[in-house]
Amino acid sequence: MLGLDVCEFGGQFLELLWLTVCYRGIMADKEGTAPVHEEEDETDLNYQAPAQKTLQEIQELDKDDESLNKYKQTLLGTGPVVLDPSIPNVQVTRLTLMCVQAPGPITMDLTGDLEALKKQNFTMKEGVDYRVKIHFKVNREIVSGLKYVHLTYRKGLRDQLSLALVLDMNLDQLSLALVLDTNLDQLSLALVLDTNLDQLSLALVLDTNLDQLSLALVLDTNLDQLSLALVLDTNLDQLSLALVLDTNLDQLSLALVLDTNLDQLSLALVLDTNLDQLSLALVLDTNLDQLSLALVLDMNLDQLSLALVLDTNLLAEFSSSLYLTPDPVSQGFEQAVNPSLLDKAVYMVGSYGPRVEEHEFITPVEEAPKGLIVRGIYHIKSYFTDDDKTDHLSWEWNLQIKKDWDSTESCISRLGVLSLFSASCRHGRPYALSHVAFNDRHLSTSSKIKVDLDNSNGIAVMKFDNPPVNSMSLDFLTEFSINLEKLELDKSCRGVILTSAQPRIFSAGLDIMDMYGTSPEHCGAFWKAVQDMWLKLYGYSKITIAAINGASPAGGCLMALCCDYRIMADDPRYSIGLNETQLGIVAPFWFKDTLLNTVGHRTTELSLQMGIMYHAHEALKIGLVDQLVPEGKVLSTAVETLGTWLAVPGHAREISKSMMRKPTVDKLLANKEADIKNFVSFITKDSIQKSLGMYLAALKKKKA
Ligand SMILES: CCCC/C=C\CC(=O)SCCNC(=O)CCNC(=O)[C@H](O)C(C)(C)COP(=O)(O)OP(=O)(O)OC[C@H]1O[C@@H](n2cnc3c(N)ncnc32)[C@H](O)[C@@H]1OP(=O)(O)O
């Protein structure tokens with residue numbers, strides 16, 4: 001009977017999804033013009049849009065079916081929330097760079113002056129993990145195939161770092177000239193070192209790219225002893241080498257010209273020296289787009305003159321001392337040479353219906369580039385668009401990759417929230433905690449986790465507050481990992497207790513709605529967030545205790561299992577376990593390993609195959625939890641227990657924990673990408689989707 005209902009329901013729901021997809025066509029006609037993405041590849045899929053239906057028509061379909069109507073509401077919203085046709089259907093309101101290590105929220109308001117954004121730099125520390133979060137509203141009609149496109153440019157030099165350094169101590173001591181020019185494909189290095197005329201002179205020119213190595217070396221120990229010049233030029237087709245050595249008591253002369261082919265390398269070197277004088281001229285020209293170098297060195301006993309000109313394609317940027325590409329904001333990005341496109345990222349946002357509240361979209365985690373070469377300012381063009389290329393919003397901004405963050409204050413005040421920050425300081429909370437609370441308020445529109453750090457004992461309590469059942473949605477998981485990381489970095493925090501603010505439920509596990517009927521891209525981002533949560537919690541250096549004050553199936557059980565100790569409410573209504581097989585899905589190997597490491601092989605085998613949910617007493621018996629206490633005492637017992645754990649020498653405890661868990665963590669780290677792929681291909685299978693649909697329907701039916 002349930003099967004039949006579910007099948008009927010599934011058929012209707014699929015129809016609904018299909019109609020939603022059909023909606024694309026309508027939206028394209030109604031909204032603005034397409035943005036011009038010159039750099040965007042076009043792929044013609046010969047797609048024929050099916051017959052179009054209005055939102056009202058979709059809502060009218062099977063309107064007597066209550067459960068279907070509920071789903072329609074989730075997917076389509078309750079109906080238009082803004083009727084005024086002059087207000088766009090889709091309004092993009094904010095973009096946030098979510099980064100755990102950031103000293104403050106990095107948010108840009110997209111409802112104000114977009115021109116001003118072009119001049120603003122948003123700073124990101126090199127190498128940090130971040131996600132992009134976009135808030136947007138849908139006002140009247142369903143919008144399908146939303147996409148966020150992110151084009152990254154770097155002004156002038158392509159992927160390039162150019163560095164010129166001239167150092168002149170005094171004529172008797174040291175002179176150094178260094179020119180480094182590198183991009184992803186090429187490294188050019190010119191080095192001239194001159195200690196003093198009697199001792200050593202060295203000139204080195206190295207120019208290499210994927211296909212080619214060019215090396216010029218000039219060594220001059222002293223004029224009576226040795227002078228050497230070596231030029232080596234090789235590529236897959238060719239090698240050219242010239243070496244001229246000329247030394248006598250009075251004079252050294254060297255001339256070298258090397259030319260492999262016009263596109264690759266041209267080098268001219270002239271060196272002329274006698275007892276009184278050394279003159280060196282070097283010209284290197286790899287190709288017109290990449291590098292031109294001229295070096296003239298002229299010295300005698302009294303004097304050293306060095307001129308160096310390096311011209312990649314921004315001659316103005318090099319004159320003396322240390323130079324990096326200048327700031328496009330202060331120097332006028334628009335007036336500079338055309339920036340080159342470095343990267344294009346397209347994120348599939350999905351389909352959304354009208355809703356009073358804002359929708360949120362979060363990209364998967366990205367790593368900010370790292371290293372001297374990539375530091376600098378990137379210009380970004382952002383487009384919020386859809387399959388039909390409707391321009392919902394396009395704007396430009398600058399991202400500055402720095403060795404470190406801006407100072408906290410400038411970063412926060414730039415975002416106009418300084419008053420909030422100082423308010424939390426005024427209330428006497430230590431910086432670290434106000435920082436956690438501060439970011440909670442600003443990184444997500446509605447906080448799903450409450451964090452409270454007691455400075456008297458260093459114990460932080462994280463309370464899940466994501467009604468109705470604390471399901472772990474993408475947002476929840478992201479917020480969880482961010483909070484956990486902040487507490488790990490916070491020296492005043494010594495241990496963390498996980499518990500629930502919802503009555504009777506610790507957590508219902510992963511949010512099935514994130515896996516059911518969502519795009520493969522979304523499933524991938526979701527699974528990555530699950531992995532990140534697990535990696536962070538299972539490998540956490542500080543003490544963690546699960547205060548399980550309610551039901552804890554699947555992902556909820558996994559989270560508890562990741563903790564160092566589990567205290568559960570002694571209540572027969574509550575159960576805990578990895579019940580995935582009951583949903584028709586298979587717990588991945590790292591779920592299995594976590595259980596195995598806790599209860600042993602045989603119990604894991606039974607538990608996973610049968611998808612057993614254990615009542616509190618059974619859970620204690622098999623070692624799935626460590627202690628049962630009355631519900632009212634779960635949290636206080638957790639605090640007491642953490643106190644006893646804190647009495648153990650921290651370093652030894654931490655190393656012991658790592659020794660036990662690292663191999664398990666490493667296993668997932670080594671297979672992260674493959675695991676995401678497996679998950680996406682598994683969860684998007686029709687049969688699995690059907691199982692999930694049936695499970696959801698059964699949950700709802702139970703309620704009815
Ligand atoms: C290859 C993949 C491997 C990993 C995969 C999965 C790991 C997981 O974690 S999958 C999730 C597994 N979770 C469950 O099986 C729990 C299901 N839920 C329950 O058993 C009960 O809801 C619970 C005991 C937690 C609470 O019971 P009640 O208090 O009676 O609440 P309801 O059942 O009425 O639920 C309220 C409301 O929440 C929706 N719900 C419940 N669980 C989830 C969930 N995990 N994800 C999304 N939504 C969930 C439920 O459908 C109800 O919705 P409405 O009817 O719309 O109110």
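At 46% relative accessibility, Lys662 counts as partly exposed, a class lying between buried (under 20% relative accessible area) and exposed (over 50%), with a 1.4 Å probe and protein chains only. The structure is a predicted model, in which local features need pLDDT of at least 70 and side-chain atom pairs count only at pLDDT 80 or more, while totals for chains, interfaces and linings use all residues. Residues are numbered from 1 along each chain as its sequence is written, and side-chain values use heavy atoms, with hydrogens and water left out.

Lys662 forms a salt bridge with Asp666, the closest N and O atoms being 2.8 Å apart; the term denotes a side-chain nitrogen of Lys or Arg within 4 Å of a carboxyl oxygen of Asp or Glu. Asp666 is partly exposed, at 30% relative accessible area. Helices (H or I, at least four residues) and strands (E, at least two) are DSSP runs numbered from the N terminus.

The structure holds 16 salt bridges. Glu360 and Lys133 meet in one of them at 3.7 Å, N to O. This pair links distant parts of the chain, with Glu360 in strand E19 (residues 359–362) and Lys133 in strand E4 (residues 129–138), 227 residues apart. Both Glu360 and Lys133 are buried.

Helix H16 (residues 650–670) also packs against helix H12 (residues 589–599), their axes coming within 10 Å and crossing at roughly 175°. H12 is therefore roughly antiparallel to H16. Axes are lines fitted to C-alpha atoms, for helices over the stretch in contact, and angles run from 0 to 180 degrees between N-to-C directions; angles under 35 degrees count as roughly parallel, over 145 as roughly antiparallel, 65 to 115 as roughly perpendicular and the rest as oblique. Phe589, Trp590, Lys592, Asp593 and Asn597 of H12 meet Thr664, Lys667 and Leu668 of H16, where contact means heavy atoms within 4.5 Å.

In the largest nonpolar core, of 82 residues, Phe480 and Leu498 touch the most other members. Such a core is a set of buried Ala, Val, Leu, Ile, Met, Phe, Trp, Tyr and Cys residues joined through side-chain atoms within 4.5 Å. Helix H10 (residues 520–538) gives the most to this core, with 10 residues. Beyond neighbours within four places in sequence, the contacts of Leu498 include Met462, Phe464, Phe480 and Cys563. Another core, of 37 residues, lies apart from it and has Leu97, Ile106, Ala345 and Val374 among its members.
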